[in-house]
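Let's take a walk through a protein together. Keep the picture open beside you as you read, and look up each part when it comes along.

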Amino acid sequence: MNIRIGNGYDIHQLSAGRRLILGGVEIPHELGLLGHSDADVLTHAIMDAMLGALSLGDIGHYFPPTDPQWAGADSLMLLSKVSQLIQEQGWQIGNIDSVVVAERPKLKPHIAAMRDRISRVLQVQPDQIGIKATTNEKLGPVGREEGIAAYAVVLLVGK
Ligand code: MG
């Protein structure tokens with residue numbers, strides 16, 4: 001079987017006056033993530049893992065933060081572009097596993113919605129998308145609620 005694996009990591013700062021979007025889902029919180037796009041750290045980590053699996057570089061190459069066309073961009077729209085790219089190269093998603101590291105808010109109630117959103121964009125089943133949430137046990141910048149980080153691993157299968 002023709003398979004490839006990729007991993008991705010991202011972190012964004014938490015800031016007042018921003019919406020908190022994770023996995024395409026808006027989560028009620030007094031702080032949101034700061035970034036050029038909607039700063040959806042989970043979707044960014046997944047895109048980097050998909051690109052990395054095919055040695056296609058990273059999302060900064062395709063959607064540079066200096067380009068005004070990506071200002072405030074919906075990261076799920078960017079994810080659909082990356083999905084199209086890997087499909088054009090003859091690959092499909094086997095499965096994705098990911099972790100969001102956030103001290104607050106509690107993410108567990110939103111995970112099913114995130115899996116649903118991401119799986120629809122990638123045209124796969126929700127059970128192909130693993131999303132876990134953990135805290136950083138109050139350690140470091142994530143533990144001090146200065147930011148939220150995400151890690152993702154993706155397995156691609158040749159069509
Ligand atoms: Mg990012």
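A residue is called buried if its relative accessible area is under 20%, exposed if over 50%, and partly exposed in between, using a 1.4 Å probe and the protein chains only. Ser-15 has a relative accessible area of 18%, so by that rule Ser-15 is buried. You'll find Ser-15 in strand 1; strands and helices here are DSSP runs numbered from the N terminus, with at least two residues (E) for a strand and at least four (H or I) for a helix. Leaving out residues up to four places away in sequence, Ser-15 touches Leu-31, Gly-32 and Leu-34, where touching, or contact, means heavy atoms within 4.5 Å.

A quick word on what you're looking at. This is a predicted model, in which local features need pLDDT of at least 70 and side-chain atom pairs count only at pLDDT 80 or more, while totals for chains, interfaces and linings use all residues. Residues are numbered from 1 along each chain as its sequence is written, and side-chain values use heavy atoms, with hydrogens and water left out.

Now for the sheet. Strands of a sheet pair through backbone hydrogen bonds, either parallel or antiparallel. Here, two strands count as paired if DSSP finds at least two bridges between them. Five strands make an open sheet in the order 4-1-7-5-6, with mixed pairing. At the edges sit strand 4 (31-33) and strand 6 (129-134), each of which pairs on one side only. On average, neighbouring strands of this sheet are turned by 20 degrees against each other, direction ignored. Pick out strand 5 (residues 91-101) and strand 7 (residues 147-158): they pair in the antiparallel sense over ten bridges. Val-99 stands opposite Tyr-151 in strand 7.

Helices lie across these strands. Helix 1 lies across strands 1, 4, 5, 6 and 7, running at about 155 degrees to strand 1. Helix 4 (residues 111-122) lies across strand 5 and strand 6, at about 145 degrees to strand 6. For these angles, axes are lines fitted to C-alpha atoms (for helices over the stretch in contact), and the angles run from 0 to 180 degrees between N-to-C directions.

Which residues hold the magnesium ion? Asp-10 (OD), His-12 (NE2) and His-44 (ND1) coordinate the magnesium ion at 2.0 to 2.2 Å. Donors are N, O and S atoms within 2.8 Å of the metal (3.2 Å for Na, K and Ca), and water is not among the atoms, so sites may look incomplete. Along the chain, the donors follow the spacing D-x1-H-x31-H. Asp-10 in strand 1 (residues 3-16) and His-44 in helix 1 (residues 41-53) are 34 residues apart, and the pair links distant parts of the chain. Both Asp-10 and His-44 are buried.

Next, the rings. Rings of Phe, Tyr and Trp (its six-membered ring) pair if their centres lie within 6.5 Å; planes under 30 degrees apart count as stacked, over 60 as edge-to-face and the rest as tilted. That rule gives three aromatic pairs. In one of them, Tyr-9 and Tyr-151 are tilted, 5.0 Å centre to centre with 50 degrees between the planes. Tyr-9 is in strand 1 and Tyr-151 in strand 7, so this pair ties together parts that are 142 residues apart in sequence. Tyr-9 is partly exposed at 41%, and Tyr-151 is partly exposed at 43%. Elsewhere, Tyr-62, Phe-63 and Trp-70 form one aromatic cluster.

Then there's the inside. In soluble globular proteins, nonpolar side chains tend to be buried together. A nonpolar core is a set of buried Ala, Val, Leu, Ile, Met, Phe, Trp, Tyr and Cys residues joined through side-chain atoms within 4.5 Å. The largest one has 46 residues, and Leu-22, Met-50, Ile-93, Ile-118, Leu-122 and Ile-148 touch the most other members. Helix 1 supplies the largest share of this core, nine residues.

Most residues other than glycine have a negative phi, and most peptide bonds are trans. The bond from Arg-104 to Pro-105, though, is cis, with omega near -10 degrees, and Pro-105 lies in the loop between strand 5 and helix 4. Ala-39 has a positive phi, near 60 degrees, and is buried at 0%. Glu-137 also has a positive phi, about 55 degrees, but is exposed at 63%.
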